[in-house]
Amino acid sequence: MSNRPSTRNKNKRQRSDNNAELINDLYRKIHLSGAVSKDEIKQLFMYEKPLCFPGCRVNTKDNPNCFCGLIPPPNGNRKSGLWQKTTEIVSSLGADPHKDTRDSLETPAGLTNLGATCYANSILQFLYMNKSFREGVLSVEPEALEQQPVLDKIARLFAQLHASKMAFVDSAPFIEALALDNGIQQDSHEFLTLLFSLLEQCLSCSKVSKARSVVQDLFRGGVSHMTKCSKCGNQSEASSNVEDFYGLELNVKGLKGLDESLDDYLSVEELQGDNQYFCSSCATRVNATRSIKLQSLPPVLIFQLKRCVFLPNTTTKKKISSAFSFPGQVNMARWLSEQSGSEMIYDLSAVLIHKGAAVNSGHYVAHIKDQDRGLWWEFDDELVSELGQHPFGGGSSNTPSKPAQSGSVESKSVVNGNHTDASSSEINTNVQTFSSTDAYMLMYSLRNQTNGDRKSQMGSGELKVNGGAYLPPHLLKEVTELNKSYDESCQQYKAKKDAKLALITERRQEVRSVITEAPVQSPTESFRWMSVDWLRQWADNIIPTEIDNKPIQCVHGKVPVSKITSMKRLSTKAWNTIYSKHGGGPALGENDCCIECLMETACTTVSADSYRDRRTSMRELAESALAGKCPDGQLYYLSKSWLGQWVRRRNIDLPCEADTGPTASIRCPHGSLMPEQAPGAKRALVPENLWLFIYESANEVKPDDMIGCSVFLSGSDVCPQCCVELTEVTSMEDTLRDFKLKQRQSHEKLALGKTLPLCYNNKYYLLPTSWLSKWRSHVTAVGKNASSTEEPENLNIVIESLKCEQHSRLLHRPPSLVRKRGVILQKAPTVDELTIITEDDWILFCKDWNGNGEKGILAIIDLSNSTEDSMLGTSEDTPITEENVINLDDANETESQGPTVKTYPEVCEDCIGERESCELVRKLKYCNEDICICFVRGKEPPKYILEGSGNMEPTNRRISKRSRRTSYGNSVNLNVSGTTTLYELKMMIWQSFGIVKENQILHKGTKIVDGESATLADECIFPGDVLWVTDTEIHENRDIAEELSDTKMEVQQSEGGFTGTLLTSNIGTQVVSQGCYN
């Protein structure tokens, strides 16, 4: 054992063991003399308690000179208040606007995400970073902006992105102008297409030429769908039509890169067989070819990669996450329908990325190239990060890629996001190729006209901002005001922060200074009493209240000795410092010690000592009384249980509530002594001196208590009326006890719940199993439970309830029988609604429980359908004894076409069928119940699972003992309702066992439960059912989050897209059109 000294209490001041005794001696002395000296006041008010020793950190209550623990150590802090960490105090002021300051105007600004608006943010950033489009929007005259709210909001947004001092801009005005739901994720390509259409209409109202057609000039191209007859070579009339497009939708599935996707997009389709084309020239259906021809390309070419595919087997959508490569530059001349011979080189200018495995969820970010500086930037809502010279951050301006040698060289690089497989390669033409698993849209700009740039046309009133950013006067004024407001908020925050920190510093210095000069150093130094509670809040709060010493004042307006643990002796200098700053009071000094309260305390202390001494001597008498030892003389009755509790209580200074009612439990309602045989009326004899002490104590707490403090001498008579009543109750209990004994003896097997062997030539009767269970509980209950058990109902009423009112036939089917070792037994007597009893039992039940023997349900054993009659014989051939049926439950059952039960009256199938139909409908409406699902690996499930799963009956099902006591191994309980669909159940199984729903084969017993749209009620699956499932392993595993997300989003959106927004609103379009004509 270690001899290391304990340090647990090293900082605690050890109290003197005799301190309390010394104080009590002082109070006795004061009580006897009736006067108080100054020295006694000093001792009782602890003037001479020593100051704290070095290292003390606990504010001691019994030392008014201790000021430790009011403030933390020099480098310490607290969770709240004045001594909280400075960083936490600053954070309580709110967000620091300085953190949102933009590094410079050369660094792009981000856009706020309002919930699920990342798809819109990425498109807006792409449009803004296109210099020609930005200048076109910013050049729209104010009159046109006033007529077009959407155009006005996007112009203001671009202006803030251009010249705002904040690192991100609020996108809410633009989102609200379009009436978009910021809680639903949408498709970015669909949003861009609809936005282009809307902006075309809005910009057509402008008088500025470059703004009016900026969308068409930059993003619109033309395609034609050509159909050519293979017989005559003529083309369809529609082949000459040119359709406009804003972007080309390219297939991704099964294709490796952009070149293959473009070839696939422009490939020739053969129209043959049932898909033949009707040629007007040939006047018949003929074979033909169909293809798409690129007629013209815009300066900014957008490719939408079709990563979303529809799965017809599951009627859901899935995202393709295969790698797709695309070059840093592409020559589109070879894909044009008319070859001009000149090159059309497009450079990669932006990549829109969709992160996430699900189609209708995830997150959009944009990687966009700055035309002026040649740097790539990642736009992730509010966060904008520089990527360097590589669109995925693989390279940087500081580490340029090495030129490739002859042939091709690939160098893989780690990149951001999900582009871990991104690679770049350079061939002898210095063309880089990139690869991504999440790229969703690609934007290319025509070289020598990068970003579709045209010569800038500045108006006379336009002003130039930092770095060549031009803004018209009306937008520049707004941005300037916003920047001014932002600067003011930064200055206000800084001023508020500085003032707060200055106040904290000043308050901390004040508290430390006062705590240092607070102790009273000499006996002659004057002092003031101060409330500890107020002192604590003064030392903890940044802005304390005025001094409040009222809690430590007595009714005489002075300081009572009882408050000594709630106050401190503060030097007059420290008091004056606090008082001068905070005011309040009252000021309580050394002359304000209350002598009256001190004398009352001394009197109370002496009385408590006297009471404690008397009670100690009386406890010995009480213990002797409880042991039955009483001295000679006058004796009194007390409640024995009350006296025992009185003895067990310790350290009692004054009488309390527990001292009342010493005779309450032995006093009868008639005011006399209760018979001792009554419950809780046990009593004990105590001597007169103990009784008088108890009586006085009880009356002191509760005067004139005639009920709880009645006087009963040892010779008091017991209440005769209570004796008679008690005798009657005892007699009734004896009679009931004899009756129950007779019942158990007369119906021994039924009382013990034993199995009853049956003979085919004997008469039997049927009784409700519930009635027998209640009867068994009643006759077997003993002791305290004997009187609380409920008697079974009148037998006549019970028998009549078994019959239908319409036909007076039996409303329940008779129980099933089973043959074990040649003996006929009821198959499940504990589960069946009816139980078979003998004729003798029936006769005795009728006699004892008011039954009519002629109205009973007669039961006859019928062997007409039995195939084993020879096994039974007669009752003489096969004597049935107790030994024949011992351990029958453990024997194997022989379940052939065995005996049945015929009843008189007969079973009413009509009423039973109607009742079971209603019961089935009721059971199918269950909610929040459990079913068990077992995962079986292999072709056949274990027998015990089939036994637990195979019973299709919804009511009163019984499974074997082995099934009842065996857990189903790899199983789970699922909480379902009758309206739960099989699809929802399969999703729960998928989540529990990881089996994709397409691979699940669900069984109930030997029946396969198929489909997805049916409910559990449709398949008669009830609470408590055991189902088993196998895994076919045909379809590959996938993440359940994808299925759950797609299903959830499809339910929420119902393929609504932008329905209800200004992008698809006919009313909005009409308003825009009308505005254009004004």
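Tutor: Two strands pair if DSSP finds at least two bridges between them; strands (E, at least two residues) and helices (H or I, at least four) are DSSP runs numbered from the N terminus. The model is predicted: local features need pLDDT of at least 70, side-chain atom pairs count only at pLDDT 80 or more, and totals for chains, interfaces and linings use all residues. Residues are numbered from 1 along each chain as its sequence is written, and side-chain values use heavy atoms, with hydrogens and water left out.

Student: How do you know that strand S25 and S27 pair?

Tutor: Strand S25 (residues 527-531) and S27 are joined by five bridges in the antiparallel sense, and Arg528 stands opposite Leu570 in S27. Because at least two bridges are required, the five between S25 and S27 qualify them as a pair.

Student: What makes S27 and S29 edge strands?

Tutor: The open sheet has the order S27-S25-S29, with antiparallel pairing. Strands S27 (567-571) and S29 (588-589) each pair on one side only.

Student: Why is Gln743 called buried?

Tutor: Buried means under 20% relative accessible area, exposed over 50%, and partly exposed in between (1.4 Å probe, protein chains only). Gln743 has 1% relative accessibility, so it counts as buried. Gln743 lies in helix H19 (residues 720-746).

Student: Why is Tyr695 called partly exposed?

Tutor: Tyr695, in helix H18 (residues 688-701), has 32% relative accessibility and therefore counts as partly exposed.
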